[in-house]
Amino acid sequence: MDRTYIGDLGAKAGENVLIKGWVDVRRDQGKMVFFDFRDMTGTIQGVVLPNRAEVIEIAKTCRPESVLQVEGIVNKRPERNVVADKVNGDIELEVTAITILSMAEELPFTLDADLKLETLLDHRPYTLRSPRERAIFTVQHHILYAFREFLISEHFTEFRAPAIVGGDAEGGTEVFKFDYFYGKTAYLATSPQLYKQMMVGVFERVFTVTNVFRAEKHATARHLNEYTSLDLEMGFIDGPEDVMKLETRLLRYVSEHLQKTCAKEFELLGATFPLIPDAEMFPSMKLSDAQILITKETGVDCTQEPDLSPEHERWLCEYTKNEFNSDFIFITNYPRTKRPFYAMDDENNEGRTKCYDLLFRGLELISGNQREHNYEKLVEKMKWKGLDPEKFSFYLQAFKYGLPPHGGLGMGLERLTARFLG
């Protein structure tokens with residue numbers, strides 16, 4: 001008999017079926033044994049009746065999380081037992097045979113236990129199976145799916161960026177170093193930035209999903225030493241607004257996809273879908289204007305600061321939510337001193353760049369900018385940042401041989417998931 005997925009049992013009423021999956025719950029009630037079985041498609045209640053003595057004996061040995069192959073008859077539930085708002089709430093499986101594929105040991109705690117973070121992580125292979133943790137990773141899967149689907153529809157080509165590199169894209173020091181061949185030192189990449197710019201010269205519009213690494217000790221919820229970076233780069237732009245508009249469409253698309261595919265996960269996690277205005281671009285504000293507004297409204301003078309503090313990021317998001325009915329706001333024109341060498345200077349604002357951050361629910365979600373595509377100016381900016389252009393000679397070839405005006409962005413998948421889910 002071929003396997004039937006639990007999610008397809010609704011169409012099998014009255015039929016004999018074979019399912020494979022885990023024991024979610026086992027309940028012994030008198031001479032009967034009840035189960036909740038699960039597989040990747042859903043759950044179903046099963047019952048072993050008293051007239052199946054051999055099956056009862058096997059059933060009573062099956063601990064939660066044991067992996068079983070089960071044969072049975074799909075029966076309609078009596079009207080009084082129907083659970084209307086639950087998948088398979090109108091059917092149950094009358095179990096006729098059980099084969100144990102893998103017996104679980106005694107569990108350290110139930111999956112619905114209220115756990116401390118340390119316990120949650122120490123038992124991660126087990127705790128990942130809980131409905132809450134599965135919901136988080138299901139949402140993350142659909143974020144990735146929508147990210148790729150949208151960009152491919154916009155004529156972007158996906159490529160794979162190296163994780164082992166010869167230098168750091170940002171010119172910083174918080175990098176993981178290790179011994180490479182022939183006495184050389186190699187590094188784990190902190191960004192795919194240089195590679196995606198090179199690839200603009202190949203495909204014009206590119207994106208990559210890659211793991212990046214930051215060797216900085218931290219004690220905050222804003223940092224990770226390894227995260228998944230969602231990066232894109234696009235050529236022939238007229239200004240950073242072209243990237244910002246695409247970014248708006250991208251996040252609207254992701255949010256709409258999640259509403260279609262993950263409504264039950266959001267409900268389980270107590271999460272709400274973001275407020276997205278019906279506009280070509282999210283609300284936008286220059287950094288200097290935002291700082292004047294914060295100073296005026298809060299009494300805290302931040303007009304001389306080169307960046308926003310976490311507290312002020314939260315304040316701006318609350319302000320944007322109330323004023324513009326949006327959970328997103330762009331903050332633009334950051335100082336040259338706070339942005340990487342490849343960010344293009346703003347010719348209309350001395351000392352400022354064509355950069356932006358996108359804030360989402362109190363936290364910087366995305367950094368982006370228009371890149372400097374002129375070879376001589378890029379080398380000049382490298383030197384101004386204290387970097388040796390010789391160490392970037394491989395990257396600089398792309399600019400010697402012609403790159404169009406281009407820009408892009410990068411965002412962390414884990415941070416995006418966390419912001420969506422609260």
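This is a predicted model: local features need pLDDT of at least 70, side-chain atom pairs count only at pLDDT 80 or more; totals for chains, interfaces and linings use all residues.
**Entry 1: the whole chain**

Next I turned to burial. The chain has 422 residues, and 45% of them count as buried. I then checked the extent of the C-alpha trace, which spans about 85 × 60 × 40 Å along its principal axes. For secondary structure I noted 12 helices and 16 strands.

I found 52 positive and 66 negative side chains. The centres of the two sets lie 2 Å apart.

**Entry 2: helix α8**

Does its length agree with what its residue count predicts, or disagree?

Which residues of α8 are buried? I listed Leu287, Ala290, Gln291, Leu293 and Ile294. Looking down the axis of α8, I saw that the buried residues fall within an arc of 160°, so they line one face of the helix. On the other side of α8 I found Ile292 and Lys296 exposed.

What do the buried residues of α8 pack against? My notes give three partners: β12 (284-286), α9 (310-324) and β13 (328-332). Just after α8 comes Gly299, with a positive phi of about 80°.

**Entry 3: two residues with positive phi**

I went on to positive phi values in residues other than glycine. Asn88 has one, with phi near 65°. I located Asn88 in the loop between β4 (67-76) and β5 (91-102).

Phe236 is not a glycine either, and its phi is positive at about 60°. I located Phe236 in the loop between β11 (226-235) and α6 (240-261).

Is Asn88 buried or exposed? Its relative accessible area is 10%, and buried means under 20%, so Asn88 is buried. Is Phe236 buried or exposed? Its relative accessible area is 57%, and exposed means over 50%, so Phe236 is exposed.

How values were computed: Residues are numbered from 1 along each chain as its sequence is written. Side-chain values use heavy atoms; hydrogens and water are left out. Helices (H or I, at least four residues) and strands (E, at least two) are DSSP runs, numbered from the N terminus. Buried means under 20% relative accessible area, exposed over 50%, partly exposed in between (1.4 Å probe, protein chains only). Lys and Arg count as positive and Asp and Glu as negative; His and the chain ends are not counted. The place of a charge is taken as NZ of Lys, CZ of Arg, CG of Asp or CD of Glu. The arc is that of the directions from the helix axis to the C-beta atoms. Contact means heavy atoms within 4.5 Å.
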